[in-house]
Amino acid sequence: MSTSTTLGTNRVSKREFVQRFARRGGISVHAAQTAYNAMIDELLDLVSQGNTVTLTNFGKFYPQTHKGHRVQFSKDEGSGEVTDYTVLKFSATREVNRRVKVNDD
């Protein structure tokens, strides 16, 4: 697996992920790319509508809303206001967390 190292973490590109996914599934890269895009688009559409998406034996994706707040940029730039915003959150199942083993060399 070719990975790039940034700030001490290994990263896998979307292209490489799709290629590995295709190889593991015994499908073409084109089919894997189509499936990947469809899955991500559907997941984001559902969560954007306020839904929680639970993938059995994997975890759940859900929207989390944060309240707006005042921010101070610097003494010269003054302060501003951040409005309420929503982020995508993910919570892995206990089984998934047990499978994640990172080798610290």
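**Figure 1. The side chains of R70 and E81 meet in a salt bridge, with 3.7 Å from N to O.** Welcome to the first close-up of this predicted model. R70 belongs to strand β5 (residues 69–74) and E81 to strand β6 (residues 78–82), so the pair ties together parts that are 11 residues apart in sequence. Is R70 buried or exposed? R70 counts as exposed, because its relative accessibility is 59%. E81 counts as exposed too, with a relative accessibility of 52%. How many salt bridges does a search of the whole structure find? The search finds one.

**Figure 2. The protein chain has three helices and seven strands.** If you read along the sequence, the elements follow the pattern β-β-α-α-β-β-β-β-β-α. The protein chain has 105 residues, and 11% of them count as buried.

**Figure 3. Helices α1 and α2 pack with their axes 8 Å apart.** Helix α2 covers residues 29–48, while helix α1 covers residues 14–25. At what angle do α1 and α2 pack? The angle is about 115°. That makes α1 roughly perpendicular to α2, because angles from 65 to 115 degrees are given that name. Where α1 passes α2, the crossing is right-handed.

**Figure 4. A32 and F21 are 6.6 Å apart in space, C-alpha to C-alpha.** Along the sequence, A32 and F21 are 11 residues apart. You can find A32 in helix α2. Is A32 buried or exposed? A32 counts as buried, because its relative accessibility is 0% and the cut-off for buried is under 20%.

**Figure 5. K14 and Y36 are 22 residues apart in sequence, with 9.5 Å between their C-alpha atoms.** Look for K14 in helix α1.

Figure 6. One of its members, F17, has its place in helix α1. F17 counts as partly exposed, because its relative accessibility is 46%.

**Figure 7. S28 lies in the loop between α1 and α2.** With a relative accessible area of 41%, S28 is partly exposed. How far apart are the C-alpha atoms of S28 and V18? These two atoms are separated by 9.7 Å, and the residues are 10 apart along the chain.

**Figure 8. N57 has a positive phi although it is not a glycine.** Here we turn to another loop. What is the value of phi at N57? Its phi is about 65°. N57 has its place in the loop between β3 (53–55) and β4 (59–66). Is N57 buried or exposed? N57 is exposed, because its relative accessible area is 61% and the cut-off for exposed is over 50%.

Definitions and conventions:
Residues are numbered from 1 along each chain as its sequence is written. This is a predicted model: local features need pLDDT of at least 70, side-chain atom pairs count only at pLDDT 80 or more; totals for chains, interfaces and linings use all residues. Side-chain values use heavy atoms; hydrogens and water are left out. Helices (H or I, at least four residues) and strands (E, at least two) are DSSP runs, numbered from the N terminus. Buried means under 20% relative accessible area, exposed over 50%, partly exposed in between (1.4 Å probe, protein chains only). Axes are lines fitted to C-alpha atoms, for helices over the stretch in contact, and angles run from 0 to 180 degrees between N-to-C directions. Angles under 35 degrees count as roughly parallel, over 145 as roughly antiparallel, 65 to 115 as roughly perpendicular and the rest as oblique. A crossing is left-handed if the near helix is turned anticlockwise from the far one by less than a right angle, and right-handed if clockwise. A salt bridge is a side-chain nitrogen of Lys or Arg within 4 Å of a carboxyl oxygen of Asp or Glu.
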